[in-house]
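User: Hey, can you walk me through this model? I'm new to reading structures.
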Amino acid sequence: MTTPALLPLSGRRLPPLNLGASAFPHHRATLRLSEKFILLLILSAFITLCFGAFFFLPDSSKHKRFDLGLEDVLIPHVDTSKGGKNLGGFLIHGQGHDEHRHREEEERLRNKIRADHEKALEEAKEKLKKSRDEIQAEIQTEKNKVVQELKKKDSKPLPPVPLPNLIGINSGEPADPDIRERRNKIKEMMKHAWDNYRQYGWGHNELKPIARKGHSTNIFGNSQMGATIVDALDTLYIMGLHDEFREGQEWIDKNLDFSVNSEVSVFEVNIRFIGGLLAAYYLSGQEVFKIKAVQLAGKLLPAFNTPTGIPWAMVNLKSGVGRNWGWASAGSSILAEFGTLHMEFVHLSYLTGDPVYYNKVMHIRKLLQKMDRPNGLYPNYLNPRTGRWGQHHTSVGGLGDSFYEYLLKAWLMSDKTDMEARKMYDDAIEAIEKHLIRKSNGGLTFIGEWKNGHLERKMGHLTCFAGGMFALGADGSRDDKAGHYLQLGAEIAHTCHESYDRTTLKLGPEAFKFDGGVEAVAVRQNEKYYILRPEVIETYWYMWRFTHDPKYRQWGWEAAQAIDKYCRVSGGFSGVKDVYSSSPTYDDVQQSFFLAETLKYLYLLFSNDDLLPLDNWVFNTEAHPLPVLHLANTTLSGNPAYR
């Protein structure tokens, strides 16, 4: 899931030094550059002369001499005039000989300084003869050398780790020709989204498909990190779009750089970049993805430097300075952000043998276990300085959603051995069912939000993922309630389908109410938009996998057709601002999660179950598949993170 749109940040990436033609727009600017260059040369020459002149000063025993590393031999002098053994000072041994030696050394140094000074002046004269383009080329060459050195420094080889047994990473082609045709249509939509991003937004985080240019938001710190490339890689791979996959891999290898002065969302960068890179590594076996993931993880670790170990929401990738969103309850960190790191960080420790990542997320878990929870519910805000809850607002939608998802998936990813995570999930779901889940007058099951002791009868599109979560967690639930939770998942899926079906475009709004005769419909204008979100389709896919009820494929196809009809433009896919309008306006953003999640879940919905089977793969909250780690077997027992 992805958090709602966040307020703009002040941190911006500093633009690179521009020495191209635009850096010299006027002749006067060129003169100013030459004048500064000459002044710098004169200043450096003056400093060199001053340094050299120092040696021409007369030597005097009354002055403390500047010794150029040619130390006199100092012998302690014992004062025995009073029969004592105290040190009365030092005798200088061979003083006359050393004075002569010092004069020779000083003369040699004076000659060297003269020669260096003359050489510097000659070099300066040669520089001044060169054209601007030649100077620019030399500077660029030096910059490239520095970049290459930094790359060598960062690209330390990681220890070899045996890969888990990877099953079902390609094919999944259905026998039914109608289903196969629908799957091919989803693949064509992916190709349309990717090709336009490749043409108009390459290297930018996202695409503006109508303006046909790059787009970014504050979660990426306004740095161009190719978020769509990283997010889309595993979707390209499982769809068999290997040429496009290789394009993305090449860009990542040559251009993905995390040493930028940029303030990013720890949560978003973790789920999109680290999750995307790890999934691409497991699927393809290409080491570059693992190396980049580990490099980025190292840049996120300073966010955990808080009094409690609860990480900041944002961190500057260059300075390591962290802070929280200004709007989040009295400087709090957000449950869905610091609680959605576990899957990726456990895999980082597995792949590197370094327990630091595992320890960070387990510390968060231990802290949460000690805290009181009002009505058994986890509030959305926690202050990282005091370790106290912020305002008592609980949601299974934005701000809370993926925390619960990751409790369940920590258990699944551990091959169902992490019983601590399973217990936390079961406890949380029982409290959610008791306090947040209700039936509307029209018989629709919905999940409301708890705000200061009051249940708000509103459900967000983000909350619709929970239908799939209940189905995924049904097996292994307490008191033989597997059937109950599978049914609950089906009821949530039905409610979310109604939120789509009751709109003009057959696409779901951002949030919908269950108040006084209004059911599964958005009331406020600012909740009527659809930004290519995946959560409803995600639930359809999980329900299909666990029930094979054909209605889920039909509902998914309806959504795919609506997206293709109303969101597709010549330059890609765009969100729409009002799903109740027959002629909606576009928001002109092709979200990276559209390629990572929405299209992937649709493709899987029309694929056989042997493509990424759920017994072997667990999907992170950005739909990046990570393999189940059978931590008890001999393959992994030597990994120091789990000793």
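Predicted model: local features only at pLDDT ≥ 70, side-chain atom pairs only at ≥ 80, totals over all residues.

User: Is H461 buried or exposed?
Analyst: H461 counts as buried because its relative accessibility is 1%. Buried means under 20% relative accessible area, exposed means over 50%, and partly exposed is in between (1.4 Å probe, protein chains only).

User: Which side chains make a polar contact with the side chain of H461?
Analyst: The side chain of Y500 does, at 2.8 Å, and so does the side chain of E535, at 3.0 Å. A polar contact is a pair of N or O atoms within 3.5 Å; within protein, one must be able to donate a hydrogen and the other to accept it, and residues adjacent in sequence count only if both atoms are side-chain atoms.

User: And what else does H461 touch?
Analyst: Leaving out residues up to four places away in sequence, the residues H461 touches include G508, P509, E510, F512, Y530 and R533. Contact here means heavy atoms within 4.5 Å.

User: Back to E535. Where is E535, and is E535 buried or exposed?
Analyst: E535 sits in helix α16 (residues 535–547). With a relative accessible area of 0%, E535 is buried.

User: Which residues does UniProt place under "active site"?
Analyst: The UniProt record, an unreviewed entry, puts that feature at E268, D401, E510 and E535. UniProt positions are given in the numbering used here, feature names are shortened, and annotations may be inferred rather than shown by experiment.

User: What about D401, buried or exposed?
Analyst: D401 is buried, at 2% relative accessible area. You'll find D401 in helix α12 (residues 401–413).

User: New topic. What is the phi of N452?
Analyst: Phi of N452 is near 50 degrees, a positive value in a residue other than glycine. Most residues other than glycine have a negative phi. N452 is in the loop between β13 (449–451) and β14 (454–456), and N452 is exposed because its relative accessible area is 61%.

User: And the phi of D480?
Analyst: That one is near 55 degrees, again a positive value in a residue other than glycine. D480 lies in the loop between α14 and α15 (482–501), and D480 counts as exposed at 78% relative accessibility.

User: Let's do a helix. How far apart are the end C-alpha atoms of α18?
Analyst: They are 20 Å apart, which agrees with the span of 20 Å for the 14 residues of helix α18 (residues 592–605) at 1.5 Å a residue. The expected span of a helix is 1.5 Å times one less than its number of residues.

User: Where does α18 bend?
Analyst: α18 bends by about 25 degrees at L599. The bend at a residue is the angle between axes fitted to the seven residues ending there and the seven starting there. α18 is also mostly covered, with 14 of its 14 residues buried.

User: Last one: where is L341?
Analyst: L341 is in the loop between α9 (335–338) and α10 (342–352). L341 is buried, at 1% relative accessible area. Leaving aside neighbours within four places in sequence, L341 is in contact with several residues, among them V266, F304 and Y406.

Definitions and conventions: Residues numbered from 1 in each chain as written. Heavy atoms only, no water. Helix = DSSP H or I, 4+ residues; strand = E, 2+ residues; numbered from the N terminus.
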